[in-house]
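Q: Hi! Could you walk me through this one? I'm new to reading structures.

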Amino acid sequence: MGYARKVGWVTAGLVIGAGACYCIYRLTRGRKQNKEKMAEGGSGDVDDVGDCPGARYNDWSDDDDDNSENKGIVWYPPWARIGTEAGTRARARARARATRARRAVQKRASPNSDDTILSPQELQKVLCLVEMSEKPYILEAALIALGNNAAYAFNRDIIRDLGGLPIVAKILNTRDPIVKEKALIVLNNLSVNAENQRRLKIYMNQVCDDTITSRLNSSVQLAGLRLLTNMTVTNEYQHMLANSISDFFRLFSAGNEETKFQVLKLLLNLAENPAMTRELLRAQVPSSLGSLFNKKENKEVILKLLVIFENINDNFKWEENEPAQNQFSEGSLFFFLKEFQVCADKILGIESHHDFLVKVKVGKFMAKLAEHMFPKSQE
């Protein structure tokens, strides 16, 4: 009797393990073929939400790296990263274990299982893996599957109804940067949905803090910026980022080109909202911000930054708000724009830029700024 019970437990374990492996195989094997794409400057609507005024930036992501499957399956323990003989053996065992797992699920998989869309039952199993597993390689593989499936509009509702939002959000507390990045990608894709946004807003402060404090230009920081960009497509939750605008300008000045573009998308969404104008003008900006206006800077960075300044300039009624102008402190964006001569010297320095569009945009911005700074009544 004892022998039969032992065989029964072993058999049950093999069945559960095979089921988990099959889910991981399904979620990591294929890649999403028909993605929704958001062109720059295009509509930033989210599911079930009305039109957004102006050009909003909506960044949803997917892991398209051809090697992500291998990276998601093979995980090396900490001691395997040391350049020792024992570490080499541990890495070899990890690779062999991952290879055996892939071969096992391939034998069980249907020949026609190329699709990446998982059924609600399969999504439930994947969410259970995320909730129960503590192994980084399993978490990474499961999150890649959820991210791929969350790229489909109908799956965003299913994952939410299965309780997936808090399960994935809990992973944000991990210290593993790869796993955290995958969790942010899942939340990013899920956030392109009005109801999901309403439920994800409680995590915005945590995401914002993690994004700002993450290593500069890291994949975690970029994934966090994309999620925050999605959450600011509409005006409803933008006020939650008011205290972090100064940090976004700091990231913009210090970051590489990819980080600059991502921060600009976020700031452009905020600048479209007149209710955020005061918060933007109140933000402290690095002294190096003006130095970005030079011939060496990427022209797209200059153009987008000028669009932000134009929107702020248009939304702020300078004459009506003159009594309240003393509320802005030195070093704020308000003073950056208010000090016309300093600003003019820095911006007019690129009028000789080789790109015609840059010249036109600079001239337009300077004309608007001059009109507000020196109204005709004062001439």
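A: Happy to! Helices (H or I, at least four residues) and strands (E, at least two) are DSSP runs, numbered from the N terminus. This is a predicted model, where local features need pLDDT of at least 70, side-chain atom pairs count only at pLDDT 80 or more, and totals for chains, interfaces and linings use all residues. Residues are numbered from 1 along each chain as its sequence is written, and side-chain values use heavy atoms, leaving out hydrogens and water.

Q: Okay, how many helices and strands are in the protein chain?
A: The protein chain has 18 helices and 0 strands.

Q: Now, which helix holds phenylalanine 261?
A: Phenylalanine 261 sits in helix α13, residues 257–271.

Q: And what does phenylalanine 261 touch?
A: Leaving aside residues up to four places away in sequence, phenylalanine 261 touches Asn298, Glu300, Val301 and Lys304. Contact here means heavy atoms within 4.5 Å. Take valine 301: 40 residues separate it from phenylalanine 261 in sequence, yet their C-alpha atoms are 6.7 Å apart in space.

Q: How do α13 and α15 pack?
A: Helix α15 covers residues 299–315, and α13 packs with α15 at an angle of about 20°, their axes 10 Å apart. The two are therefore roughly parallel to each other, a term for angles under 35 degrees. Axes are lines fitted to C-alpha atoms, for helices over the stretch in contact, and angles run from 0 to 180 degrees between N-to-C directions.

Q: Which residues make that contact?
A: From α13 they include Phe261, Leu264 and Leu268, and from α15 they include Val301, Leu305 and Ile308.

Conventions. Angles under 35 degrees count as roughly parallel, over 145 as roughly antiparallel, 65 to 115 as roughly perpendicular and the rest as oblique.
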